[in-house]
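The following paragraphs go through one structure, from its overall layout to single residues. Please keep the sequence and the 3D view at hand while reading.

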Amino acid sequence: MADTTFPRMSGWKNGYDPKQVDSFFKRARESFERPTPQPGDLDSRAVRTVGFDLVRKGYHVAVVDAALDRLEDAFAKQARDRLIAQSGQDAWVSELTRVASSLRGRLVREPGEHFDNPAPGVIGYDIDQVDDMCEKVNAYFTQGVAMSVDQVRRVLFKTAKGTKAYDEDQVDAFIDRVVEVMASVD
């Protein structure tokens, strides 16, 4: 991993806090380059869930996000390669199958039943849009229909309430698992 420098937002636009971004990428580089993972090292999940404060003239958000996507993919592939080197191809396939099968339970449910509704008065994700994404993900896993990890990673759902919405936390956790599986395969 090379040193990172990112363009800054101009004018009055906010971008990611450069100190936070630089610190995270430095820590990520150290974790990635370590031959054996250590407690506290970053991994693909840490990269996927990191957040940065927005500041005036900070780093360009889209450029940093794209770098984070590449970094997440690199960590996922590294974890796959380490597992294969340590335990063999069958162990990796077994782990991938285990994680993928945990997704299947959600994917085989009827439309409108993939996830719980949010608590009363709480905003969630639009059921129809989430169900559409679940259908596409299911086709990817069961029929080999082409889909990129970025299509899942960057999905945005409209918000809704009550019985027209799914619980955001459940959907987000599901999307994270899908990305985890896809990133380790591609």
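From the N terminus on, the elements of the protein chain follow the order β-α-α-β-α-α-β-α-α-β-β-α. That order comprises 7 helices and 5 strands, where helices (H or I, at least four residues) and strands (E, at least two) are DSSP runs numbered from the N terminus. The model is predicted: local features need pLDDT of at least 70, side-chain atom pairs count only at pLDDT 80 or more, and totals for chains, interfaces and linings use all residues. Residues are numbered from 1 along each chain as its sequence is written, and side-chain values use heavy atoms, with hydrogens and water left out.

Taken along the principal axes, the C-alpha atoms of the protein chain fill a box of roughly 50 × 45 × 30 Å. Of its 186 residues, 37% count as buried; buried means under 20% relative accessible area, exposed over 50%, and partly exposed in between (1.4 Å probe, protein chains only). A contact is a pair with heavy atoms within 4.5 Å. Among contacts between residues at least 6 apart in sequence, 81% join residues at least 24 apart.

Next come the charged pairs. Side chains of opposite charge can pair when their charged atoms come close. Here a salt bridge is a side-chain nitrogen of Lys or Arg within 4 Å of a carboxyl oxygen of Asp or Glu, and by this rule there are 14 salt bridges. One of them joins arginine 45 to glutamate 180, with the closest N and O atoms 2.7 Å apart. This pair links distant parts of the chain, since arginine 45 is in helix α2 (residues 44-49) and glutamate 180 is in helix α7 (residues 168-185), 135 residues apart. Arginine 45 counts as partly exposed because its relative accessibility is 35%, and glutamate 180 counts as partly exposed because its value is 22%.

Another salt bridge is formed by the side chains of glutamate 72 and arginine 153, at 3.1 Å from N to O. Glutamate 72 lies in helix α3 (residues 61-87) and arginine 153 in helix α6 (residues 149-153), so this pair ties together parts that are 81 residues apart in sequence. Both glutamate 72 and arginine 153 are buried. Arginine 153 also forms a salt bridge with aspartate 150, where the closest N and O atoms are 2.6 Å apart. These two residues both lie in helix α6, 3 residues apart, about one turn of the helix. An α-helix has 3.6 residues a turn, so residues three or four places apart point the same way. Salt bridges that share partners join Arg48, Asp69, Glu72, Asp73, Asp150, Arg153, Arg154 and Asp176 into one network.

Two packed helices are described by the angle between their axes and the distance between the axes. For α3 and α7, the angle is about 70 degrees and the axes are 8 Å apart. Axes are lines fitted to C-alpha atoms, for helices over the stretch in contact, and angles run from 0 to 180 degrees between N-to-C directions. The angle makes α3 roughly perpendicular to α7, a term for angles of 65 to 115 degrees. In this packing, Glu72, Asp73, Ala76, Lys77 and Arg80 of α3 meet Val179, Ala183, Ser184 and Val185 of α7.

Serine 44 has its place in helix α2 and counts as buried because its relative accessibility is 13%.

Helix α5 (residues 127-143) has 17 residues and reaches 23 Å from its first C-alpha to its last, close to the expected 24 Å; the expected span is 1.5 Å times one less than the number of residues. Its buried residues include Ile127, Val130, Met133 and Tyr140. What covers the buried residues of α5 includes α4 (89-107), β3 (123-126), α6, β5 (165-166) and α7.

Two lysines complete the picture. Lysine 19 lies in helix α1 (residues 18-33) and counts as exposed because its relative accessibility is 71%. Lysine 57 is in the loop between β2 (54-56) and α3. Most residues other than glycine have a negative phi, and most peptide bonds are trans. Lysine 57 has a positive phi of about 60 degrees although it is not a glycine, and it counts as partly exposed because its relative accessibility is 41%.

Definitions and conventions
Parallel < 35°, antiparallel > 145°, perpendicular 65-115°, else oblique.
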